[in-house]
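The exercises below are meant to be worked with the model open beside the text. Try each task before reading its solution.

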Amino acid sequence: MAAKIETKENGPLIVSGAPDLRAHDGSAIEGKPRMALCRCGQSSTKPFCDGTHNEIGWSETPDKAPSRAKPISYEAEVEEVPVTVTYSKALCSHAANCVKMGEGAFDPERKPWVKPEETTIANLRAIIDACPSGALQLAVGAGAPSHGNPSADQMAITVAKDGPYYVENVAFAGGAFVADSDGSTQKYALCRCGLSSTRPFCDGSHYDAGWTDGD
């Protein structure tokens with residue numbers, strides 16, 4: 001059975017097909033061929049669901065309006081080659097890897113906050129690879145945009161500390177995340193704090209609210 005992630009209405013993520021499930025430090029988390037992962041942020045058995053969403057009446061309908069910001073493209077010439085970095089705010093989990101690695105190319109305190117010309121093409125590729133949510137894309141020359149290169153060959157789910165589920169090697173189709181089979185891999189950050197306005201995707205609300213695994 002191919003790995004798949006589906007959302008249960010007002011409930012957990014239903015994961016089947018036994019994907020690679022890991023903690024933030026890379027250690028394996030023992031799962032089952034079919035399991036339920038918490039989405040409300042209140043389970044006492046995180047990352048697994050314990051039914052708390054029913055007790056608290058959690059709804060997947062956001063309490064706030066989702067970000068309607070369209071993806072923004074930043075164009076520049078880097079090493080005499082035209083490049084375009086595209087940023088989708090609605091998918092950003094605010095892991096800030098781009099800021100840490102960007103050598104000044106990514107600075108949220110500045111406008112525009114993305115200046116690709118401040119670093120190298122090799123480093124831009126590394127940054128896009130390190131973006132866990134797929135919010136950043138990179139096109140070099142006439143090449144197709146890249147979301148980065150997931151490191152595993154099968155669907156992989158990493159449970160970020162005090163953050164979302166980072167999912168790799170999947171395609172999003174028909175409302176479900178399925179193991180990618182045609183090589184066009186994608187990465188997503190899926191909400192597990194229950195607060196995102198773009199559920200099932202993470203929008204960084206866990207960071208703004210100070211949500212932790214202990215909540």
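**Exercise 1.** Which residue of strand 7 does Thr84 stand opposite?

*Solution.* Keep in mind throughout that this is a predicted model. Begin at Thr84, which stands opposite Ala139 in strand 7. Next, turn to the other neighbouring strand, where Glu75 has Thr84 of strand 6 as its bridge partner. Then widen the view to whole strands: strand 5 and strand 6 pair in the antiparallel sense over seven bridges, while strand 6 and strand 7 pair in the antiparallel sense over five bridges. Finally, since buried means under 20% relative accessible area, count such residues in strand 6: five of its seven residues are buried, so strand 6 is largely enclosed by the rest of the structure.

**Exercise 2.** Find the buried residues of helix 3, and state where they lie around its axis.

*Solution.* In helix 3, which spans residues 121–130, the buried residues are Ile121, Asn123, Leu124, Ile127 and Ile128. They cover an arc of only 160° around the axis, which means that they lie on the same side of helix 3. From there, follow their contacts: the buried residues of helix 3 pack against several elements, including strand 5, strand 6 and strand 7.

**Exercise 3.** Describe the lining of the largest pocket.

*Solution.* The largest pocket holds about 350 Å³ of space. It is lined by 19 residues, of which Cys92, His94, Ala96, Cys98 and Trp113 are the closest to its centre. Helix 2 and helix 3 are the elements that give two or more residues to this lining, and helix 2 gives the most, with three residues. Sorted by type, the lining has 15 nonpolar residues, four polar and no charged.

Key: Residues are numbered from 1 along each chain as its sequence is written. This is a predicted model: local features need pLDDT of at least 70, side-chain atom pairs count only at pLDDT 80 or more; totals for chains, interfaces and linings use all residues. Side-chain values use heavy atoms; hydrogens and water are left out. Buried means under 20% relative accessible area, exposed over 50%, partly exposed in between (1.4 Å probe, protein chains only). Helices (H or I, at least four residues) and strands (E, at least two) are DSSP runs, numbered from the N terminus. The arc is that of the directions from the helix axis to the C-beta atoms. Contact means heavy atoms within 4.5 Å. On a 1 Å grid over the protein atoms alone, a cavity is a set of points where a 1.4 Å probe fits but cannot get out, and a pocket is an open set with protein on both sides within 12 Å along at least five of seven lines; lining residues have an atom within 4 Å of a point. Grid points are joined across faces, edges and corners, and a volume is the space filled by probe spheres set on the points. Ala, Val, Leu, Ile, Met, Phe, Trp, Tyr, Cys and Pro count as nonpolar, Asp, Glu, Lys and Arg as charged, and the others, Gly among them, as polar. Two strands pair if DSSP finds at least two bridges between them.
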